[in-house]
Amino acid sequence: MARTPRGGRLAYRLVAAGALGLSLATAAQARPVGAIREIRAGANTDVYLFGLAAGPDGAVWFTDSGCMGRGRCLIARLTPAGAISDFQRGSAAGSVPLAIASGTGGDLWFTDQGARPAIGRITPEGQITEYRRGLTGGEPFEITAGPGGDMWFTQQGARPAIGRITPEGRITEVRRGLSRTSVPFGITAGPGGSVWFTDRGCINGGVCAVGRVAPRGRITEFTAGLQPGAQPLGIAAGPGGDVWFADSSGAIGQASTAGRLAESARGLPADSSPVAIAPGPDGDMWFTDEGAAPAVGRVTRGGAVREFRAGLIGGSQPGFITAAADGRMWFSDEGGVAALGAVTTGAGPARRAGPAVTGTPRPGVPATCAPARWTAWMGRRPSSRLFAFDGYRWLRDGVVLPGRSSRVHTPTAADAGSRLACQETATYPLPLAVTARARSAAVTVAP
């Protein structure tokens, strides 16, 4: 995560995902906490798996930045069934997608540092649209969903800034409070409508800091409490209201809503280098460590740290990390052999039991979709009304029926003899914002 993407051409097909048990399957939860499995993607001279996000379709989405401007890089998706698909449609020649994040409107958004830097949007079907107007710098880096449905991103380069893009694609940037030596890096939505970020300005002759963007756009940076030589990178909101960050100089830090910073190296190896952090469904924070002994780690709200290494590929460098619908934490591996990995958290998968079509559907008689049963993560279950893409859909012979978004559906005469099913989509509230889908068994519509 802390490195610069390298050149190469895409040369992988992750067709072995299901065979390795790395689909978003429930069976994985039988493994002990900290169990790691990885899917090899190829040598990182050809492949550079970078950004990673849980999508609104229940899949894990990731970027491959390996082409580094020589052709078209890819955005790809790993479905809950273990199928891999990749997308280029709509991206510009020379695009280099980096970070990716799920938006509240049902699409995913990504940063593009290619020949024509942009902020991009990709639908769950793979259609890409890119936006450039208002982007005054050439190096958008990380991105996150923020308050009010907008996406926020860090802007590096000659004109560092914190940027915001609306669902319609209107970009604005905020700079007051940053210096010319600032290097904005990680970013996350925080409590109270604020947005938090990390600043690696110390590598550019300035200072490293943790920053906050207030709801009205005022930027404040905090340094008191950082250890000497600190380099905060990844940042994420935690379950208790605090914001957590990974310090690649060898610590895990917390920032209170008032900006009080505290760091601890307790439980970390002396040569550790945490780079990314994210909340887990078990209520703890999970991070990646690119140090001399690479690992995926867990830190409790009380600060207890434990790292896991068994199962990592030799030469591993875990990067981005995110929770997914199967209850595991997924991460991108930027090591000598590029890979996607998953680590068991001990939390169950989101779906406990799928929805069901009640009764015997027949034309003119309403059919009802009995809700799915979901697992409680952090003491809360997902909601089927949290975002616009949540809720119910009806399918006839496997095809979604347009406009049918109620729990109740009345088949018509044209439906007789067809196979009817319902689907429920639900999302866990922040800070997780993980979406899961569950589909019922299909039943035949009686004459």
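Author: Start with R132. R132 is partly exposed, with a relative accessible area of 23%. Its salt-bridge partner is E130, and the closest N and O atoms of the two are 2.8 Å apart. E130 is buried, at 14% relative accessibility. Buried means under 20% relative accessible area, exposed over 50%, and partly exposed in between, using a 1.4 Å probe on protein chains only. A salt bridge is a side-chain nitrogen of Lys or Arg within 4 Å of a carboxyl oxygen of Asp or Glu.

This is a predicted model: local features need pLDDT of at least 70, side-chain atom pairs need 80 or more, and totals for chains, interfaces and linings use all residues. Residues are numbered from 1 along each chain as its sequence is written, and side-chain values use heavy atoms, without hydrogens or water.

Across the whole structure, the search finds 10 salt bridges. Side chains of opposite charge can pair when their charged atoms come close.

One bridge reaches further along the chain. R396 pairs with D415, with the closest N and O atoms 2.5 Å apart. R396 sits in strand β33 (residues 391–396), while D415 sits in the loop between β35 (408–409) and β36 (419–427), so the bridge ties together parts that are 19 residues apart in sequence. Strands (E, at least two residues) are DSSP runs, numbered from the N terminus.

Next comes D282. D282 bridges to R298, and here the closest N and O atoms are 4.0 Å apart. D282 lies in the loop between β22 (274–279) and β23 (285–289), and R298 lies in strand β24 (residues 295–299), so this pair joins parts that are 16 residues apart in sequence. D282 is partly exposed, with a relative accessible area of 26%. R298 is buried, at 19%. Shared partners widen the picture: salt bridges join D282, D284 and R298 into one network.

Now for a charged residue without a bridge. D247 is buried, yet D247 has no salt bridge. The nearest side chain of opposite charge is R200, 8.6 Å away. Lys and Arg count as positive here and Asp and Glu as negative; His and the chain ends are not counted. D247 belongs to strand β19 (residues 243–247). What does the side chain of D247 make a polar contact with? The side chain of S249, at 2.7 Å. A polar contact is a pair of N or O atoms within 3.5 Å, one able to donate a hydrogen and the other to accept it; residues adjacent in sequence count only if both atoms are side-chain atoms. Beyond four places in sequence, D247 is in contact (heavy atoms within 4.5 Å) with Q227, A230, Q231, P232, E263 and P274.

The nonpolar side supplies the setting. The largest nonpolar core has 59 residues, and I143 and I321 have the most contacts inside it. Strand β28 (residues 337–343) gives the most to this core, with 4 residues. Such a core is a set of buried Ala, Val, Leu, Ile, Met, Phe, Trp, Tyr and Cys residues joined through side-chain atoms within 4.5 Å. I143 also deserves a look. Setting aside residues up to four places away in sequence, I143 touches a list that includes A99, W109, F110, M151, W152, F153 and I187.

Aromatic rings come next. The structure holds 9 aromatic pairs. W196 and F222 form a stacked one, 6.0 Å centre to centre with 25° between the planes. This pair links distant parts of the chain: W196 is in strand β15 (residues 195–200), F222 is in strand β17 (residues 219–222), and they are 26 residues apart. Rings of Phe, Tyr and Trp (its six-membered ring) pair if their centres lie within 6.5 Å; planes under 30 degrees apart are stacked, over 60 edge-to-face, the rest tilted. Both partners are buried, W196 at 1% and F222 at 14% relative accessibility. Elsewhere, ring pairs link Y48, F50, F141, F185 and F320 into a cluster.

Last, the backbone. Most residues other than glycine have a negative phi, and most peptide bonds are trans. A cis peptide bond joins L430 and P431, with omega about 10°. P431 lies in the loop between β36 and β37 (435–439). A433 is found in the loop between β36 and β37. A433 is not a glycine, yet has a positive phi of about 50°. At 26% relative accessibility, A433 is partly exposed. M378 has a positive phi too, about 55°, and is not a glycine. M378 lies in the loop between β32 (373–374) and β33. M378 is partly exposed, at 26% relative accessibility.
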